[in-house]
Amino acid sequence: MRAVYRTLLTAVRALRRNVMRSALTCVGIVIGIAAVIAMTEIGNGISTLNAKKIASLGANNLMIQPGSAGGSGFSFGSGSSLTLTAQDCDAMLRECTAIRAAAPTVGTNAQVAYGNKNDPTIRITGTTPAYLDVREWPLDEGDCFTDQDVRNTSKVCVIGQTLKTNLFGDEEPVGKELRVGPVSMRVVGVLTRKGASMFGSDQDNVLIAPWTTIKHRVSNKVDSSAVAQASGASSAVNSLSNPYPNTSLQLYPAISQIQAADTPQPIRFANISYIMAAATAPEEIPVAIKQVTELLRDRHRTREGQVEDFQIRDMTEASDALSESTALIGKLLLIVAMISLVVGGVGIMNIMLVSVTERTREIGLRMAVGARARDILWQFLIEAVVLCLLGGIFGIGLGRGASMLVRQFAHWPTAVSLPALIISVIVSAAVGILFGFYPAWKASRLDPIEALRYE
């Protein structure tokens with residue numbers, strides 16, 4: 001133990017004799033470690049930000065959409081078939097044990113105005129209070145509308161932070177009346193800020209109201225079934241829906257009772273755009289999808305082998321793809337930082353080789369007075385390790401400072417990584433051993449007589 005201490009003391013004294021050269025030797029390691037720390041913290045920050053984005057969208061959320069309508073080889077796309085109802089949503093809550101919450105949802109486009117300010121780009125969502133539970137979206141002020149408001153088609157709504165800023169400014173919005181299309185609605189609550197989605201859209205530029213209000217009062221859309229039902233009654237009188245009342249010709253043959261039974265039409269205003277549901281946990285998503293699929297196939301009387309008239313989407317694929325891309329970016333940043341660390345290690349090897357050459361007579365003198373080859377090996381190896389450890393310590397400080405500057409001025413997300421700090425110290429010592437071993441071995445193999453003759 002005493003021999004190790006003496007060797008360490010000798011190595012430190014040798015480094016102190018050439019302070020400037022020792023400091024310049026550490027520069028490469030300082031830059032390498034600083035790059036590793038900074039890149040690791042930036043990569044962790046990006047991962048944390050992506051995780052928050054996925055969580056804001058709902059990592060355990062399911063979107064159940066209607067299927068596509070069409071015929072004769074043509075398809076009108078997803079959602080064109082009106083097959084989902086609010087009763088389907090109620091059945092999910094009753095029978096699907098893997099579903100924690102679910103909300104029927106409709107959407108429409110309408111201009112929202114308050115006073116002399118208006119915004120035609122607001123996303124209008126009609127749903128139930130359970131929607132906020134599904135999205136894990138608390139209120140910042142006020143209250144949410146109730147299930148009674150949904151049943152009564154009440155003209156109330158909650159708004160997002162962006163809509164609050166654009167229409168109300170510094171004015172308190174709760175209790176105020178705004179116009180959604182032709183309908184006046186009272187603001188009962190303001191949502192907390194959720195930020196941009198992973199696709200870049202502003203989630204806070206939104207108005208949420210009872211789905212019955214949006215469907216019946218705002219959009220006021222009449223389904224094809226309603227037109228079909230109304231056509232029979234209007235044909236008896238001369239109305240605008242029957243522009244040719246005196247003709248006895250029938251352009252299209254009436255469908256039979258069997259055809260009508262095979263192609264049932266949804267009741268007016270019963271259909272919804274989609275259902276937002278939340279699984280009890282992210283790992284329960286496959287079970288929830290299976291339960292919902294079986295339930296809706298049974299409720300919609302989908303026969304064996306027949307394609308479902310609905311689609312279920314979840315965030316699993318998007319979450320996995322985003323996580324993979326983030327991990328790849330982090331690895332690339334780390335590889336770039338490791339390259340600079342290797343360059344610093346090569347610099348230490350070069351300086352140590354120069355030091356061995358300059359101190360050849362000193363090495364010969366130590367061997368002449370009794371130092372063994374392993375003592376010389378340990379001395380130069382310790383010098384290299386000490387240089388790398390000092391460089392690692394200063395590099396950690398520089399990397400942390402660079403990370404904070406990036407977060408402060410570039411507004412990039414960063415996150416401190418304690419394992420990265422510990423690993424940086426270990427890597428510094430490993431670089432010293434790896435790149436300092438050859439110069440130390442070369443010094444230990446010198447012939448004492450030749451070393452004393454060296455000029």
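Trainee: At what angle do the axes of α13 and α14 cross?

Mentor: Two packed helices are described by the angle between their axes and the distance between the axes. Here the axes of α13 and α14 cross at roughly 150 degrees and come within 7 Å (axes are lines fitted to C-alpha atoms, for helices over the stretch in contact, with angles from 0 to 180 degrees between N-to-C directions). That makes α13 roughly antiparallel to α14 (under 35 degrees counts as roughly parallel, over 145 as roughly antiparallel, 65 to 115 as roughly perpendicular and the rest as oblique).

Before we go on: this is a predicted model, where local features need pLDDT of at least 70, side-chain atom pairs count only at pLDDT 80 or more, and totals for chains, interfaces and linings use all residues. Residues are numbered from 1 along each chain as its sequence is written, and side-chain values use heavy atoms, leaving out hydrogens and water.

Trainee: What span should α14 have, going by its residues?

Mentor: Helices here are DSSP runs of H or I with at least four residues, strands are E runs of at least two, and both are numbered from the N terminus. The 27 residues of α14 (418-444) should span 39 Å at 1.5 Å a residue, and the end C-alpha atoms are 38 Å apart, which agrees. The expected span is 1.5 Å times one less than the number of residues.

Trainee: Where is the kink in α14?

Mentor: At Gly436, shortly before Pro439, with an angle of about 45 degrees. The bend is the angle between axes fitted to the seven residues ending at a residue and the seven starting there.

Trainee: Which residues of α12 meet α13?

Mentor: Glu362, Ile363, Arg366 and Met367 do, facing Ala373, Ile376, Gln379 and Phe380 in α13. By class, that contact has five nonpolar, one polar and two charged residues. The axes of α12 (360-368) and α13 (373-410) come within 10 Å and cross at roughly 140 degrees, so the two helices are oblique to each other.

Trainee: What does α3 meet in α10?

Mentor: Gln87, Asp88, Ala91, Met92 and Glu95 of α3 meet Val292, Leu295, Leu296 and Arg299 of α10. This contact has five nonpolar, one polar and three charged residues. The axes come within 10 Å and cross at roughly 130 degrees, in a right-handed crossing.

Trainee: Which residue with a positive phi follows α13?

Mentor: Most residues other than glycine have a negative phi. His411 follows α13 with a positive phi near 60 degrees. Arg301 has a positive phi of about 55 degrees and lies in the loop between α10 (285-299) and β14 (310-314). Glu136 has a phi near 55 degrees, in the loop between α4 (130-135) and β8 (139-142).

Definitions and conventions. Contact = heavy atoms within 4.5 Å. Nonpolar A, V, L, I, M, F, W, Y, C, P; charged D, E, K, R; others polar. Left-handed = near helix turned anticlockwise from the far one by under 90°.
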